[in-house]
Amino acid sequence: MSLKCMIVDDEPNAVNLLELHIQQTTGWQLVAKCYDALEALAFLKNNKADLIFLDINMPRLDGMELAALLPPEMKIVFTTAYTEHAAASYNFQTVDYLLKPITLKRFLAAQQKIETAFMHPRMPEVALPQPSADYYFVKTGKTLQQIKLSELLYFEGEKEYVRIVTLREEVLVYKRLKDIAGQLSPPFIRVHNSYIVNTSRIDKIQDNHLFISGKRIPLSEKFRPAFMELIQQRFL
């Protein structure tokens, strides 16, 4: 797929890494590398881009402030070392939220989401909440049922179904876990082929297992690096 993309980040090493990923794995055209938000705005006055890789913590004008000034059709992938901006990032045309350092494996997953977003723009079957909301809806049979985000504990895959477990109830939906995983962002993360958890609801981590409200959930080696990268942001 041919996309025009740009990188906006005040860290040269982060820019170089993203540029390398783009050159090695995509057919996209990198039209600009900008090291602050004002430089990016100056470029966009006379040029166009389909996609922007946008750092959040930058001097003078941060990534969130720049995002509010971008053309409405421009899609965004936020890049940051911090998890706390994840919810607010979806106020915009956000495709993905990448935690630094961005590994090649994580970039490839983002690439798939990006190209899907450009090829097949559509509303997801499980509608995620707007960042100002505290709920979303899931389809169960002919019913759209509200699930409160603050109460959601974990998702458990059961073949072609997913069990959604909250503080108050369990809901079974006809959907594959990997499809749901592709639509979620921190604090939700996949920790096993059968589980996605809300990291804000983890009581403890012990012997490659997580404990959430009495439920013992395995942490597999496959998903451990990304999980540890996320929770290290909360280490004291």
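**Sheets, a pocket and a buried phenylalanine**

Modeller: Let's start with an open sheet of 3 strands, ordered β13-β14-β15 and paired in the antiparallel sense. The edge strands are β13 (204–206) and β15 (215–218), each of which pairs on one side only. From one strand to the next, the twist averages 30°. This is a predicted model, in which local features need pLDDT of at least 70 and side-chain atom pairs count only at pLDDT 80 or more, while totals for chains, interfaces and linings use all residues. Residues are numbered from 1 along each chain as its sequence is written, and side-chain values use heavy atoms, with hydrogens and water left out.

Colleague: What makes β14 and β15 a pair?

Modeller: Strands, which are DSSP runs of E with at least two residues, numbered from the N terminus, count as paired if DSSP finds at least two bridges between them. Strand β14 (residues 209–212) and β15 share 4 bridges, so they qualify as an antiparallel pair. Within β15, L210 has I217 as its bridge partner.

Colleague: And which strands form the open sheet of 5 strands, and in what order?

Modeller: The order is β10-β9-β8-β12-β11, again with antiparallel pairing. Here β10 and β11 (188–192) are the edge strands, each pairing on one side only. Neighbouring strands are turned by 20° against each other on average, direction ignored; the axes behind such angles are lines fitted to C-alpha atoms, and angles run from 0 to 180 degrees between N-to-C directions.

Colleague: How many bridges join β9 to β10?

Modeller: There are 4, and strand β10 (residues 170–173) runs antiparallel to β9. V165 is partnered by E170 in β10, and 3 residues lie between the strands of this hairpin. As for β11 and strand β12 (residues 195–198), they pair over 4 bridges, with H192 opposite Y195.

Colleague: Why is F107 called buried?

Modeller: Buried means under 20% relative accessible area, exposed over 50% and partly exposed in between, with a 1.4 Å probe and protein chains only. F107 has 0% relative accessibility, so it counts as buried.

Colleague: Where does F107 lie, and what is it in contact with?

Modeller: F107 lies in helix α5 (residues 104–119); helices are H or I runs of at least four residues. Setting aside neighbours within four places in sequence, F107 contacts L18, H21, I22, T25, T26, W28, F53 and I102, contact being heavy atoms within 4.5 Å. The C-alpha atoms of F107 and I22 are separated by 8.7 Å, although these residues are 85 apart along the chain.

Colleague: Which residues line the second largest pocket?

Modeller: The lining consists of T83, E84, A86, A87, P186, P187, T199, S200, L230, I231 and R234. Elements giving two or more residues are α4 (86–89) and α7 (224–231). On a 1 Å grid over the protein atoms alone, where a 1.4 Å probe fits, a pocket is an open set with protein on both sides within 12 Å along at least five of seven lines; lining residues have an atom within 4 Å of a point.
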